[in-house]
Amino acid sequence: MTLRALLHTLIILSTLVSVDANLSEAAENPPPWDEQDLELLRQAKRPATDREQDLRASCENGIASSCFNLGEMYASYGKGVQRDVAQAIALYRKACDGGYAEGCSALGFKYANGFNVPKDDAQATAFYRKACDGGSANGCFWLGRMYGQGRGVKQDNFQAIGFYRKACSGGYAGGCLWLGLVYTDGEGVLKDDAQAAVFYRKACDGGDADGCVNLGYMYSEGRRVKQDNVQAIALYRKACENYSSMGCFNLGLMYVDGQGVQQDDFEAVALFQKACDQDYAPGCANLGSMYADGRGVKQDDDEALKYYGQACDLKDKTGCDLYAKLKTSRR
């Protein structure tokens, strides 16, 4: 059994990104806390209930950012108060009505995904627009996604690109990533890998792991940048350390091939395991092949079948094929 020769691939995001209900759409670049809120929260040893009471008092006194941050406490697990999404939505609405743009963006996210409110693209678009007009860079990004998909508005790539650009300029790394993607694919702009690389770098520098993966791919392939496996390794590593399953996977491939780094099957196994643990099917399939071949681990067909099966359960056809082939060969 030979290791799958999977290619380093660009991430292609073709649907409206949906994240867990306990996260706001601002998760990549959280909005700055109001200075008054920061003063309340600087005393790290104070109980969460005290912080909740202080934010509530501030919210009731008309500080819209406090309403939003209190909503974030109720929306998330582990913030020291019992999770209450309905309460969070009411607080986001109060923040939005009070002129705090991130509250509007949070409401847009809830309506776009149908989290504790009826799914309503028109409402989502209206809240994202209000957020963007109020200076929320992530609101601009999500408004761009709505235009890109034609959700709640007529599909319009040119409008989408304009909002991605506004989001990127405003410091939202996801906007930079999507600008890179549209230049890679030539959607609404002339295809331009050099421009794509500029925006992937900006996304990566801004904390977007997918931007690091895509820039790493461009260095590994020499696409409008000088081919440089050492740079690719550094970027994949940065992405992997920021919980990108594809970053871990591509870094594992570099160790398998000995590209830009000393060949090391043991390190490759650890990286494929990381990718698989994040439900990245190709990582599970490659991990299965490492067990099947005894590369970096003791040869073990049962473990190989386990990971091929996991890849197959994640809808990976190659994982399914390898599972069937190994299963048949053991009869």
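The legends below describe close-up views of one predicted protein model.

Residues are numbered from 1 along each chain as its sequence is written. Because the model is predicted, local features are given only where pLDDT is at least 70 and side-chain atom pairs only at pLDDT 80 or more, whereas totals for chains, interfaces and linings use all residues, and side-chain values rest on heavy atoms, with hydrogens and water left out.

**View 1. Confidence along the chain.** The protein chain has an average pLDDT (the predictor's confidence in each residue, from 0 to 100) of 87, and 85% of the residues score at least 70. Over residues 1-33 the pLDDT stays under 50, although the model has 103 contacts (heavy atoms within 4.5 Å) beyond four places in sequence for this stretch. Residues 39-45 also have a pLDDT below 50, with seven contacts in the model beyond near neighbours in sequence. Where pLDDT is low, the predicted coordinates should not be read in detail.

**View 2. The nonpolar core around phenylalanine 272.** A nonpolar core is a set of buried Ala, Val, Leu, Ile, Met, Phe, Trp, Tyr and Cys residues joined through side-chain atoms within 4.5 Å, where buried means under 20% relative accessible area, exposed over 50% and partly exposed in between (1.4 Å probe, protein chains only). The largest such core has 103 residues, of which Tyr128 and Phe272 touch the most other members. Helix H13 (residues 245-257) gives the most to this core, with eight residues; helices (H or I, at least four residues) and strands (E, at least two) are DSSP runs, numbered from the N terminus. Leaving aside residues up to four places away in sequence, phenylalanine 272 touches Phe249, Gly252, Leu253, Val256, Gly283, Asn286, Leu287 and Met290.

View 3. In the disulfide of cysteine 312 and cysteine 320 the sulfur atoms lie 2.0 Å apart, and here cysteine 312 is partly exposed at a relative accessible area of 25%, as is cysteine 320 at 25%.

View 4. Six salt bridges are counted, each a side-chain nitrogen of Lys or Arg within 4 Å of a carboxyl oxygen of Asp or Glu. One of them pairs arginine 223 with aspartate 193 (3.0 Å, N to O); arginine 223 lies in the loop between helix H11 (209-221) and helix H12 (229-241) and aspartate 193 in helix H10 (residues 193-205), so the pair ties together parts that are 30 residues apart in sequence. Arginine 223 is partly exposed, with a relative accessible area of 21%, while aspartate 193 is buried at 15%. Another joins lysine 317 to aspartate 321, with closest N and O atoms 2.9 Å apart, and these two residues, four apart in helix H17 (residues 317-329), are separated by about one helical turn.

**View 5. A loop residue with positive phi.** Asparagine 116, a residue other than glycine, has a positive phi near 65°. Asparagine 116 is placed in the loop between helix H5 (101-113) and helix H6 (121-133), and counts as exposed at 56% relative accessibility.

Definitions and conventions: Disulfide = S-S within 2.5 Å.
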